[in-house]
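Here is a note on the structure shown below. Please read the points in order with the model open beside them.

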Amino acid sequence: MQEPRPVRYSQTTITELMIPSYANFGGKIHGGTLLSLMDKVAYATASKHAGAYCVTVTVDRVEFLHPVEVGELVSLHASVNYVGRTSLVVGIRVESQNIKTGKVLHTNSSFFTMVAKGDDDKPTQVPELVLESKEDVKRFIEAMWLKEIRGGIRDKMDDAKSHFEVENAHEILKDQRCKIVFKLP
Ligand SMILES: CC(C)(COP(=O)(O)OP(=O)(O)OC[C@H]1O[C@@H](n2cnc3c(N)ncnc32)[C@H](O)[C@@H]1OP(=O)(O)O)[C@@H](O)C(=O)NCCC(=O)NCCS
């Protein structure tokens, strides 16, 4: 079994210049460009901790708080917040910096759940996480709670779907901005 590893062992920052080919028609950076960079830094961080290749399983709450402009520097700061048996949660904070003014904006944060794979392509155990600060402990517990809450939401959704009857759609959708244009059974 591998030795436990502290959070700092795998902490990773990627900084990239936003070039014109990353922009959409409105001149702002594509959300997909940022997501791709986030996936890259999550992969690097998780794989470093695991000492194995990892795959992305889920991405939690990506909110774009500010648009990113061409010519800005985008930095992605990532660290392992939580480890399970074979899975890890990587927290990512994305910041953009205007090169001329130096102004830094927090553009988004997210949590990527990654799973380490062995040479047989099956999930493999990851080293324990050594928590060296209050911040490490807080992040670990928050990730643990988020995992539990997500499980609860999934169960509630499965339950709601199992009780759903399409005949009730008119009632369910009565305050929504949509129209049913066919005859329901
Ligand atoms: C993710 C994957 C490895 C899970 O395989 P599996 O046979 O279901 O494995 P397990 O049931 O043993 O689960 C492995 C771990 O993944 C976690 N996991 C599985 N599905 C999950 C989900 N939807 N959300 C969060 N965690 C999940 C499990 O909790 C477990 O974590 P733990 O060992 O820390 O307790 C598999 O589904 C896979 O390879 N998916 C494709 C991933 C991929 O290609 N990503 C995009 C490109 S990188």
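1. Which residue in E6 does Asp 60 stand opposite? Asp 60 stands opposite Phe 111 in E6. E3 and E6 form an antiparallel pair with six bridges; two strands count as paired if DSSP finds at least two bridges between them. Strands of a sheet pair through backbone hydrogen bonds, either parallel or antiparallel.

2. On the basis of this note: the model is predicted, so local features need pLDDT of at least 70 and side-chain atom pairs count only at pLDDT 80 or more, while totals for chains, interfaces and linings use all residues. Residues are numbered from 1 along each chain as its sequence is written.

3. The secondary structure consists of four helices and seven strands. Helices (H or I, at least four residues) and strands (E, at least two) are DSSP runs, numbered from the N terminus. Along the sequence they follow the pattern β-α-β-α-β-β-β-β-β-α-α. The radius of gyration (taken over C-alpha atoms) is 21 Å, well over the 16 Å that the globule rule gives for 185 residues, so the chain is more spread out than a compact globule. That rule is 2.2 Å times the number of residues to the power 0.38.

4. Five strands make an open sheet in the order E2-E4-E5-E6-E3, with antiparallel pairing. Its edge strands are E2 (12-17) and E3, each of which pairs on one side only. From one strand to the next the twist averages 30 degrees. Axes are lines fitted to C-alpha atoms, for helices over the stretch in contact, and angles run from 0 to 180 degrees between N-to-C directions.

5. Helix H3 (residues 134-163) packs on the sheet and touches E3, E4 (73-83), E5 (87-97) and E6. The direction of H3 makes about 75 degrees with that of E4. Contact here means that the C-beta atoms of two residues, placed from the backbone, lie within 7 Å.

6. The residues around the ligand include Val 55, Thr 58, Arg 85, Ser 87 and Pro 123; a residue belongs there if its C-beta atom, placed from the backbone, lies within 6 Å of the molecule. Strands E3 (54-60) and E6 (104-116) are the elements that give two or more residues to this shell. E3 gives the most, with four residues.
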